[in-house]
Amino acid sequence: AGARTAQQLAAEALDLTGVALDWGLTDWLVPGGAWSHQGTPLSAVLAIAQAAGGHVLSHRSLPTLQVRHPYPTAPWAWGTGAADVELAPDVLIVEGAEESGGSDINAVYVSGTTAGVLGHVLRAGTAGDKLASMVTDALITHVDAARQRGLAILGAAGAKQDVTLDMPVLTGSGADPGILDVGRLV
């Protein structure tokens, strides 16, 4: 009934499960009565993460759910920053590359329902004239949730290339890259 942050709602859903939460989204306030859920603790955490365009991963070795955004940095800005991991081209074997089209959009409206906000999220530097279908979710109650959901929609749009790489898994002191976590910018 009381106001909680999205992270608090997810942590409360996992209470008494023995599973910890590693929150990697920008948190936002959810007013009391704005959201309710019936189902498993995992389905609650999934719903909360998806409201902001996020996804849920299992930690590789700990009983921990990791909530992450698919695009911590907007894809159109990847060329301006540093990568999480840099790979030497000599160790990579390209197994395949497949191109796929995507929607040609540069803006989206995202909205809460009863206690939400309406956000117009657009790709910076564009006219915002190619709209995706509007998205509504009871948990879009703050501009931070709206911005993250919009970035997930816009980031997934456009032409893409799925590249399959084969590379050695290096181990030992100072060995890079080792096993790469999902969501790393390579």
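Strand β10 gives the most to the lining of the largest pocket, with five residues. (Strands, labelled E, of at least two residues and helices, labelled H or I, of at least four are DSSP runs, numbered from the N terminus.) A word on the ground rules: this is a predicted model, in which local features need pLDDT of at least 70, side-chain atom pairs count only at pLDDT 80 or more, and totals for chains, interfaces and linings use all residues. Residues are numbered from 1 along each chain as its sequence is written, and side-chain values use heavy atoms, with hydrogens and water left out.

Back to that pocket. A pocket here is an open set of points on a 1 Å grid over the protein atoms alone, where a 1.4 Å probe fits and protein lies on both sides within 12 Å along at least five of seven lines; lining residues have an atom within 4 Å of a point. The largest pocket has a volume of about 900 Å³, a volume being the space filled by probe spheres set on the points, which are joined across faces, edges and corners. Its lining takes in 33 residues, and Y71, P75, W78, R184 and L185 lie nearest the centre. β4 (55-58), α3 (143-155) and β10 (160-166) each bring at least two residues to this lining. By type, the lining of the largest pocket splits into 17 nonpolar, nine polar and seven charged residues. (Ala, Val, Leu, Ile, Met, Phe, Trp, Tyr, Cys and Pro count as nonpolar, Asp, Glu, Lys and Arg as charged, and the others, Gly among them, as polar.)

The second largest pocket comes in at about 290 Å³. It is lined by 15 residues, with L57, Q66, R68, D181 and V182 closest to its centre. β4 and β5 (64-68) each supply at least two residues of this lining, and β4 has the largest share, with three residues.

Rings of Phe, Tyr and Trp (its six-membered ring) pair if their centres lie within 6.5 Å; planes under 30 degrees apart count as stacked, over 60 as edge-to-face and the rest as tilted. The whole structure holds two such pairs. In one of them, the ring centres of W23 and W28 are 6.4 Å apart and the planes sit at 45°, so the pair is tilted. Both W23 and W28 are buried, where buried means under 20% relative accessible area, exposed over 50% and partly exposed in between (1.4 Å probe, protein chains only). Y71 and W78 make a tilted pair too, with 6.4 Å from centre to centre and 35° between the planes. Y71 counts as buried because its relative accessibility is 16%, while W78, at 37%, counts as partly exposed.

Next, the charges. Seven salt bridges show up in the whole structure, each a side-chain nitrogen of Lys or Arg within 4 Å of a carboxyl oxygen of Asp or Glu. One of them joins R68 and D22, 2.7 Å from N to O. This pair links distant parts of the chain, since R68 sits in β5 and D22 in β2 (residues 20-23), 46 residues apart. R68 is partly exposed at 25% relative accessibility, and D22 is partly exposed at 28%. Another salt bridge runs between D137 and R149, whose closest N and O atoms are 3.8 Å apart. D137 lies in the loop between β9 (135-136) and α3, and R149 in helix α3, so this bridge ties together parts twelve residues apart in sequence. Both D137 and R149 are buried. R147 and D144 also meet in a salt bridge, at 3.2 Å from N to O. These two both lie in helix α3, three residues apart, or about one turn of the helix.

Finally, some strands. Four of the five residues of β7 (residues 107-111) are buried. β7 pairs with β8 (residues 118-122) in the antiparallel sense over five bridges, strands counting as paired if DSSP finds at least two bridges between them. The two form a hairpin with six residues between them, and L122 in β8 is the bridge partner of A107. β7 also pairs with β9, this time in the parallel sense over two bridges, and S111 stands opposite T136 in β9.
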